[in-house]
Amino acid sequence: VRVFTANSAVQTYNYDPNLGTFTRASDSFGPIYAERADTNGKNKFSFGINYSHFSFDKIDDLNLRDGDVQIVFRHQDLPPSPCCLAPFFEGDVIQTKMFLKIESDITAFTFSYGVTDRLDIGAAVPIVRTSIQARVDATINRLATGGNTSTAGIHTFIGGGDTQTFQQSGSASGVGDVVVRAKYRLTSGNTWGAAIGAEARLATGEERDLLGTGTTQARGFLIG
């Protein structure tokens, strides 16, 4: 999920030494959900911070909170039984319904510097917190032992039941995938402008903790 754009929806100011105050250099706040062609200007800095909250509801059209994610666990021998010698009761399986609440909070710090009047370089450092709450409702499906009362009790959960609920939760926080970028202004007027840019998303976030993607990505773009 891309959670920020640099140099968007901001005002820029110049310091006037004759007046001893700052005067506004930009005519508008710029686009809210897009990038604008204007650059900072030579030796000028731009800083920003934004916050985003995400709550994940579906994966591959499966509702995470309604138990649509279902997994069937087969019997697994340790060590495995020789071929064709596994006992009949290993035909039983455990069928589960998983209920997940996954949320992510991202605070992104952005920085941009004007190398020249036309060229900006910048970076964004996201601080990510991800939390997961999981509940699994498990049921023993007696495909092999259910038809015989003498074997019906071979498989049970702790306590002797056919069903059991497991719950677990956890969270992780840290630096996400850092983005470095550059933008070059081709031309501009009072009400229009054009620029080209490129950015690289570095795999600095811990993929195992869902703080990053685990891979480096790059893209180029045209701004009009």
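Student: Why is F111 called partly exposed in this predicted model?

Tutor: The relative accessibility of F111 is 33%. Buried means under 20% and exposed means over 50%, so F111, at 33%, counts as partly exposed.

Student: And what makes F47 exposed?

Tutor: F47 has a relative accessible area of 65%. The cut-off for exposed is over 50%, so F47 is exposed.

Student: Why is the pair of F47 and F111 called tilted?

Tutor: Good one to work through! The ring centres of F47 and F111 are 5.5 Å apart, and rings pair if their centres lie within 6.5 Å. The planes stand at 50°; under 30 degrees would be stacked and over 60 edge-to-face, so this pair is tilted.

Student: What makes F45 and F47 a stacked pair?

Tutor: Their ring centres are 6.2 Å apart and their planes meet at 10°. The limits are 6.5 Å for pairing and under 30 degrees for stacking, so F45 and F47 are stacked. Ring pairs also join F45, F47, F111 and Y113 into a cluster, and the structure holds five aromatic pairs.

Student: How do you know that R135 lies over the face of F99?

Tutor: R135 is 4.1 Å from the ring centre of F99. The distance limit is 6 Å, and the charge must also be within 35 degrees of the ring normal; R135 counts as lying over that face.

Terms used: Residues numbered from 1 in each chain as written. Predicted model: local features only at pLDDT ≥ 70, side-chain atom pairs only at ≥ 80, totals over all residues. Heavy atoms only, no water. Phe/Tyr/Trp six-rings, centres within 6.5 Å; stacked < 30°, edge-to-face > 60°. Buried < 20%, exposed > 50% of the residue type's maximum accessible area, 1.4 Å probe, protein only.
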